Every structure is written in C-alpha cells, then in structure tokens.
Amino acid sequence: MGISRRRFLTSVGKAGGYGALYTTMMGMGLLAAPRAYAGPPKLPAGGGAGKSVAILGAGIAGLVSAYELRKAGYAVTVLEARDRPGGRAWSVRGGSTIVQTGRPDQTVDWAEGRNAYFNAGPARIPQWHHAVLGYCQELNVPLEVMVNANRSAKLDFAGQVVTERQAVNDTRGAFTELLAKAVDKGALDQELTGIDKQKLLGYLSAYGDLGKGNAYGGSTRAGFSASPGGYDHPPKGGDPLRMTDMMKARFWGASLIFEEIIDMQATMLQPVGGMDRISYALYEQVKPAVRFGAVVKALRKTSKGVKIDYTDASGPKTLEADFCVCTIPLPVLAKIPSDFAPRVKQAIAAAEYHHGTKVAWESRRFWEQDDFQYGGLGWTDEANELVWYPSGGIGEKTGILVGAYSIGFSGPDAPPKYAALSFEERFAISRRVIDKFHPGHGKELTKPFTVSWMQTPYSEGVAVGWKEEQRATDYAELCKPDGAFYFAGEHMSYINAWQEGAALSAHEAIKLIQARVSAA
C-alpha cells in the first residue's frame, strides 16, 4: 500500500521536527530554492504621477512598497497601528515597553549600549536574501557576521548534555562506519567497481575519522578528554556516543541538520545594533508619508479605488486612494470589517499562523569569559527549545542572552505549550536550561523579559503556515487584487517568516499596480 505525500511529510515532521521537514520539502521541490535576484522593480520615473496609494502597515512589506512607489511619483500614505516602524521586525532596548495581550506590560530596564538590545522578532539574514541585503547596501545599514552555529554550544536531549561538536562528529563517525562495513560486505557491488569501492572506503575513512578495520572509536574532532598542551601533554579523544544514545536523545533532529537548511547556512548576517535598523532606514526615506497610531477600522471599495476608515489619537478619520497595498497579518485582517469578495474573506480566514516565544536576559558574559563560547545556538528538548548567544559585543562585560526561542524546531508541541506559561514559568525553564549548559551560572541571569508573537497586538503570530494544498487555492486567491486592494507581506511569498519574503511580495504588488496604471 502506498503512502501519500502529505502523510509522508507529516511523518517526517513528527520524527525530526521543523528542520527535517524543511529540508525534505526543499528536496521534493515543494519550497522555492534561491533564484537569481534582479533587484527591485524598475518603475518608470513619474509613472505614478497623479495616482495615490494607501499602504496598511509599516513593516518591511509596507515600507518597501512606500519607498519604491514614492520614487515612481505615487502619492503614498502609510497607516501603522503601532508607534514605530518595523512590524514584527522589532528590537527591544532599555526603556522599551513590551505590551502583550492578556499579560502585564513589561518595561525594559537594561543598561544602555550598542549591543544592549533584544531582537523580539527576526534576528538573522541569510546571505542569499538579496532583496533585504540590497536595501541594506542602498541605505547604508552596517552589517556584521551573525554566528548561527557553534560547535562549542550544547545540546540537551533526554537529560543528556553534550557539545554540538560531539553530537555532529560522533553521528558522522557512526554513519560512515556503517556505510564502510556495507561496502566491505559487497552491498554496493552492483553500483561500484573494485577501484571505486577502494576510493570510497578511503574517503569514508577520512570523512568519519575511522580507525582500524573502518571502525569508529571516537575522534578528537568531537572534543578532548585531555586537551593538548606543552611538554608531555598529548591530546586524547573521549569515548564516542553510542548510536542507541543518539537515537534516544533525538540528536538527529533539527539541531544536527540546521546548518544544511538553505536559510541557515554560513555566512549569516545581522545589522549592527539591532534588526530594526533596516526598518528605520527605510522609514527615514518615507517618513512624511507615515502615520503612527493609525488603527484600521474598515476597508471599503469605491468607484474610484478604496476607502480606509481608521482612528488615531485625534479620533476617527477616513483615507481615500486609488489603490491599497494591504500588509496587515491575516489573523488581524480577518477581524477588520471589509467588503472584500467572499472568496477573499474565506482565504484570509483560512490562514493559520505559528506560535513563537522568546525570553531574554541581561547578564555577565560568562559563556565567553568562563566557558570560551562565542555566539551560536544551544538546543534543548525542553519547551524553550533554544538558547541563542549574542554575536555582537564580544569581549564586553555584559550582554543580552536569548534564553528561549520556542518556535517549533523540535516539533509542533513546544511552542503553544511554552506560550501558555506564565512569565515566571517561562523564565524558570530558561534559567534551568542555561544552568545545565553552564553549571552554576544560572543565578547570574538578571532582568528577564519575554515576548510571544501570538500575544503581541497587531502581530498575532510569527508567520503564516500555508498547507501544500492552500498554495493553489487560498494563497493563489490572495495573489490577485480584489478590486483596488493588493496584498503583501511574508504571507504572500514562498519565503514565509522572513523579511525577504515580505520585501519580494511588496515588489510583486507594486508591479501589478504599475501595470494597471500603465494600461489605463
């Protein structure tokens, strides 16, 4: 009996979590691989003269839309419910207020400093995200290397704490030993000649650091039981992890294939001083067009275009325009009265968004000063999922340590579970895991703050999770304009949850608007 593609992918996700599922879908051609980037659309100079566009949301999609449309001569107005640009691209600093629906407000009281920030939203940029990186170049946003993986970081699964280097290299050694034994026993005789078998065995021996008889007995690649030193201090490798232990601990999930995912491969980048530096750079270019504190109340079509009812500090207002680029996250948009077509409303309501919760601490940088670990991610099977070490400010006395990033890398259960906890319960789990990674240092963690995307007003989730079948139905419906309304945002791309997807969706929306204007 066969197995459907959906059932197969569900099984992969349950077994290996997000990372295994992502890689499998990429291999099956269900996710878009990197493509050549031709730059933002070249709208004709003055091509939008006499035309107006209302843009809903000052996140990346809204700001990119405003920036490119204004260059082409369109009259642009951006309505943003928050008091800042960036949307979900949100960096928290000392003095920031964190508002969470149904939870107490938090006021951040960290010390000031260039690296004293916490990216409550996106926190890394892959080097193939050419649109976002292009805007960084164009707008002079300085970038620095973001250390996404560190072999010194720890993995904590089934109560067993090991370094990433041991898990990676002991896994490689165990697998290459199995393959070498299969070659020796003639399992590949139909595929390989005798000479090719010897070449393969030679490669496997080097790749897995195999010993006599192609057996893996441990390797200094996995770390030292005795470090090399001066005089009579040769290095010694430790005992390898047993395959049964590795399987029990699920070391073969997202943590060991994370760097192979196209979005996670080195070199990763980050803006100096916080991810919101990109949003603010775009905002400075369109500042006169942006109205903060503008909460959209109704969306209507008119014979000439669109009418947007909204409120701000001074009361109810109405904005009319020829076109509208709507970048509001779909769970928020679904609650706003509109006269969208019934099928469009159905597509908006069908979108499901992911949970995501972070915790950040201010602390002495004991991970560097005492344990000599610089950047990277530590993985755990507890509900906080990740410990994310800062890449900026290396050598400074204090830093901001992200002690939780629960978004589903290890499977679907942790994120909603962690988001439902009280703040103190989130902090307690985070502190406990960090103390497992760095024994005795959990007590040094101070001034914790936490953000859940699902509980953040005007966000209500990390990103959309379009199902495979929705790409041809609900997603395809929203790729088309509804009257003079055009939709953009990470949800209108194949690069969901990334700023790149938001920027590229904006490019598509403004191209459609320009084509309509040019054809009129």
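A crossing is left-handed if the near helix is turned anticlockwise from the far one by less than a right angle, and right-handed if clockwise. The legends describe a predicted model, in which local features need pLDDT of at least 70 and side-chain atom pairs count only at pLDDT 80 or more, while totals for chains, interfaces and linings use all residues. Residues are numbered from 1 along each chain as its sequence is written, and side-chain values use heavy atoms, with hydrogens and water left out.

**Helices α4 and α5.** This view shows helix α4 (residues 164-184) and helix α5 (residues 194-208), whose axes come within 9 Å and cross at roughly 160°. Helices (H or I, at least four residues) and strands (E, at least two) are DSSP runs, numbered from the N terminus. The axes are lines fitted to C-alpha atoms, for helices over the stretch in contact, with angles from 0 to 180 degrees between N-to-C directions. The two helices α4 and α5 are therefore roughly antiparallel, a class for angles over 145 degrees, as against under 35 for roughly parallel, 65 to 115 for roughly perpendicular and oblique for the rest. The crossing of α4 past α5 is left-handed. On the α4 side the contact (heavy atoms within 4.5 Å) is made by R172, G173, T176, L179, A180, V183 and D184; α5 contributes K197, L200, L201, L204, Y207 and G208. By class, the residues of this contact comprise seven nonpolar, three polar and three charged. Here Ala, Val, Leu, Ile, Met, Phe, Trp, Tyr, Cys and Pro count as nonpolar, Asp, Glu, Lys and Arg as charged, and the others, Gly among them, as polar.

**Salt bridges of R364.** The residue R364 pairs through salt bridges with D370 and with E444. A salt bridge is a side-chain nitrogen of Lys or Arg within 4 Å of a carboxyl oxygen of Asp or Glu, and a search of the whole structure finds 25 of them. Between D370 and R364 the N to O distance is 2.7 Å. For R364 and E444, the closest N and O atoms are 2.8 Å apart. This second pair links distant parts of the chain, 80 residues apart: R364 belongs to strand β19 (residues 357-364), and E444 to the loop between α13 (423-437) and β23 (446-452). The relative accessibility is 34% for D370, 29% for R364 and 21% for E444. Each of D370, R364 and E444 thus counts as partly exposed, the class between buried (under 20% relative accessible area) and exposed (over 50%), with a 1.4 Å probe and protein chains only.

Because E382 lies in the loop between β20 (376-380) and β21 (386-389) and R432 in helix α13, the pair ties together parts that are 50 residues apart in sequence. Through shared partners, salt bridges join D156, E382, R432 and K436 into one network.

**Surroundings of V306.** V306 is buried, at 0% relative accessible area. Apart from neighbours within four places in sequence, the contacts of V306 are R300, L319, E320, A321, D322, F323, C324, A484 and F485. V306 and A289 stand 17 residues apart in sequence and 17 Å apart in space, C-alpha to C-alpha.

**Surroundings of S279.** Helix α8 (residues 276-286) carries S279. With a relative accessible area of 0%, S279 is buried. Residues up to four places away in sequence not being counted, S279 touches I60, L63, P85, G86 and A89.

The peptide bond that joins A266 and T267 is cis, with omega of about 10°. T267 is in the loop between α7 (254-257) and β13 (268-271). F372, not a glycine, has a positive phi of about 55°. This residue, F372, lies in the loop between α11 (366-369) and β20, and at 57% relative accessibility F372 counts as exposed. K447, likewise not a glycine, has a positive phi of about 45°. K447 is part of strand β23 and is partly exposed, at 35%.
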